[in-house]
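Subject: Structure handover

Hello,

Here is the structure I promised to pass on. Please look it over first; my notes follow below.

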Amino acid sequence: MTVIAAKVLNSLVDHLFERLTRRPSERPWWDSLYRLPLADLQQRANDGDAKAAYVLGDIYDQGQNGVDQDLSLAVWWYRYAAERGDGDALNNLGSMSQHGDGLPQDDEQARHYYEQGAAAGCGKAMNNLGHFFTQGRGGLRKDLPQSVRWFKKGSRLRDNDAMVSLGYAYDNGVGVSVSPLRALYWFRRAAQAQYPKGYFNLGLSYWAGDIVLRNERKAVALFFKAGPDHVGANYFLGKAYYEGRGIEKNISEGLRLISLAAHKDYELAQEYLQSIEDSPVDLTLQSGSAVPPVYLLAVHAEQMGHWSDAIRYYEKSIALFDTVPKVDENQCAGTQERLAYCLHEAGEYLRARQINEQVLATGERLYGANSNKLNVVLTNLAQNAYMLHDYDTARTLLERRLALSLQHDESAHIDDCLFQLGVLAFEQGRLDDAQALMQRRLDLASKSGDLQRIEDAGDAFEALKLRLDGLQKSPTAHEEAETVKLAVPHAGRSTAVLPTTLDIDRSAARALEARSLSDLQAIYTRLQKETDKGEALIAGGGTACPCDAATATLLIVIGFAINKLDGEGRYQDWMEDESLSLLADYRAFISTCGEDAQSTALSDITDLMIKKL
């Protein structure tokens with residue numbers, strides 16, 4: 001049989017498989033347990049229902065049903081279910097051991113769990129054990145035929161992963177003779193269960209045309225069915241859009257999808273983007289203007305907040321614009337403005353300012369010094385100056401923007417300028433100016449009759465008055481009214497104190513989890529010392545950072561926890577709700593401090609730790 005004839009036959013047989021597998025596969029009987037209230041589910045588990053215990057473990061493992069993720073509780077319930085013979089729980093314990101997720105990474109321990117799960121009839125455990133034989137992992141000797149035997153066992157139990165693994169083995173001849181028909185059959189069976197990997201592998205077969213007749217339209221439809229969370233499907237859909245294969249060509253959407261896949265470390269997508277970046281002369285017509293694809297990559301990177309990539313792509317785009325006849329000076333300045341924005345977001349304030357100054361000069365030359373088209377770049381320059389602690393320049397730029405906005409009667413810009421100038425005045429200690437600016441905004445809003453505008457201006461004015469009242473009640477602030485500043489995040493202090501704050505956080509989380517009174521008392525003493533340092537800083541005229549607020553907040557939470565554990569009768573029921581509320585504020589302070597320090601900062605303390613005390 002010729003290759004073409006074989007592909008025709010395989011395509012016809014797959015069409016038959018498609019008809020035979022249209023009926024959706026049945027969900028497991030215990031799927032309904034996920035819909036039970038948590039208290040009912042826990043009662044069933046406590047009564048010895050192993051599957052209910054497994055579902056509880058899965059809920060805590062994934063953070064489902066409105067429950068915060070808690071891997072320690074997930075492990076506890078999985079073990080409870082495993083002790084009662086639940087194969088799915090044994091499999092998940094194996095996965096946690098394999099990946100070091102909630103349990104120490106240990107391949108041999110993972111293998112033991114998979115073996116026990118397979119013996120208990122879990123198809124997923126059979127599939128995972130098969131892969132351990134494929135890789136020679138967890139103390140096993142590499143044995144491809146043995147891996148296929150496990151894939152077959154899992155597939156007979158309708159495990160989706162096992163069916164895809166078996167299809168892959170038949171497609172590539174891994175541990176078994178190549179059989180395109182069997183590969184297609186098992187991919188179809190997985191797709192019947194609406195399993196993304198089943199759709200994706202079928203899509204690859206029709207995209208490549210290696211075992212069936214190439215049908216890019218059908219491949220694209222299957223990639224769509226794989227869903228937006230499937231990284232490989234995103235890449236091939238992006239490629240289809242970009243090249244106009246199987247779907248109407250859409251360069252921008254194609255690059256968006258390929259970028260998504262690349263940022264999830266999909267190697268083919270990363271290579272594809274690199275080829276585009278290295279060969280930017282392939283121009284594309286977008287909205288009547290020819291631009292390099294690398295410019296569209298910059299736009300998508302900016303939208304996703306991937307600042308370093310966006311900066312690199314915008315810089316390459318600007319360098320290429322001389323070769324693009326349809327890109328005029330205004331468009332080039334607009335791209336420079338986007339580059340400056342990304343630099344600012346990445347913390348490169350000086351470079352952002354330098355580029356924005358060039359953009360402003362270009363705008364003044366093209367439109368005149370009194371054009372309202374300068375509003376955006378004036379705002380950006382003011383933000384650059386503010387972050388560089390050049391407050392006088394920031395004020396001058398905002399005042400120029402205000403004058404332009406008044407000249408062109410642009411209420412949104414007027415309100416924003418007055419608000420920004422008011423905040424700046426407050427932070428510089430010009431309290432009368434701050435109040436006058438906020439009052440002016442409120443007067444203009446009232447004159448306009450716009451109810452939403454009036455409400456916004458009123459809220460801002462009331463917030464300022466509360467701040468001023470607070471300062472007047474503070475002896476230190478009253479005595480030094482000329483130099484008082486709003487306690488705003490300070491990057492230098494955040495960078496200095498964040499490691500200590502996170503170390504205390506981790507210690508507190510361990511102590512709460514262990515319900516250790518002595519450890520919590522030691523942490524409380526440590527928090528008191530850190531709080532005292534923050535108060536001394538403020539008393540000496542320094543500026544606090546969000547970590548100081550976080551420390552003071554956690555001090556109260558830990559105090560409540562100690563009251564509950566020490567048995568001295570000081571604990572009240574309202575303290576739990578108050579602790580949970582304070583924890584939400586605490587996490588926000590920690591996150592903000594991390595942003596100031598240009599670092600990722602997350603608390604290890606969960607609501608569940610407080611509830612379990």
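T500 is found in helix α26, residues 491–514. Helices here are DSSP runs of H or I with at least four residues, strands are E runs of at least two, and both are numbered from the N terminus. This is a predicted model: local features need pLDDT of at least 70, side-chain atom pairs count only at pLDDT 80 or more, and totals for chains, interfaces and linings use all residues. Residues are numbered from 1 along each chain as its sequence is written, and side-chain values use heavy atoms, with hydrogens and water left out.

T500 counts as partly exposed because its relative accessibility is 30%. Buried means under 20% relative accessible area, exposed means over 50%, and partly exposed is in between (1.4 Å probe, protein chains only). Leaving aside residues up to four places away in sequence, T500 touches R526 and E530. A contact means heavy atoms within 4.5 Å. From T500 to R245 it is 255 residues in sequence and 54 Å in space, C-alpha to C-alpha.

Next, D61. This residue lies in helix α3, residues 50–62. D61 is buried, yet has no salt bridge. A salt bridge needs a side-chain nitrogen of Lys or Arg within 4 Å of a carboxyl oxygen of Asp or Glu. For D61, the nearest side chain of opposite charge is K124, 12 Å away. Lys and Arg count as positive, Asp and Glu as negative; His and the chain ends are not counted. D61 touches Q69, L71, A74, Y78 and M96, not counting residues up to four places away in sequence.

Now the surface. I4, V8, L12 and L213 form a nonpolar patch there, with about 350 Å² of accessible area together. Areas come from the Shrake-Rupley method with a 1.4 Å probe; for residues, only the protein chains shown count as cover. Patch residues have over 30% relative accessible area and no salt bridge; like charges are joined within 9 Å, nonpolar side chains (Val, Leu, Ile, Met, Phe, Trp, Tyr) within 5 Å. L213 sits in the loop between α11 (196–208) and α12 (216–226). With 36% relative accessibility, L213 counts as partly exposed.

D450, E455, D456 and D459 gather in a surface patch of negative charge. Each charge is placed at NZ of Lys, CZ of Arg, CG of Asp or CD of Glu. D450 is in the loop between α23 (431–448) and α24 (451–472).

Finally, the whole chain. The chain has 30 helices and two strands. Of its 613 residues, 47% are buried.

Best wishes
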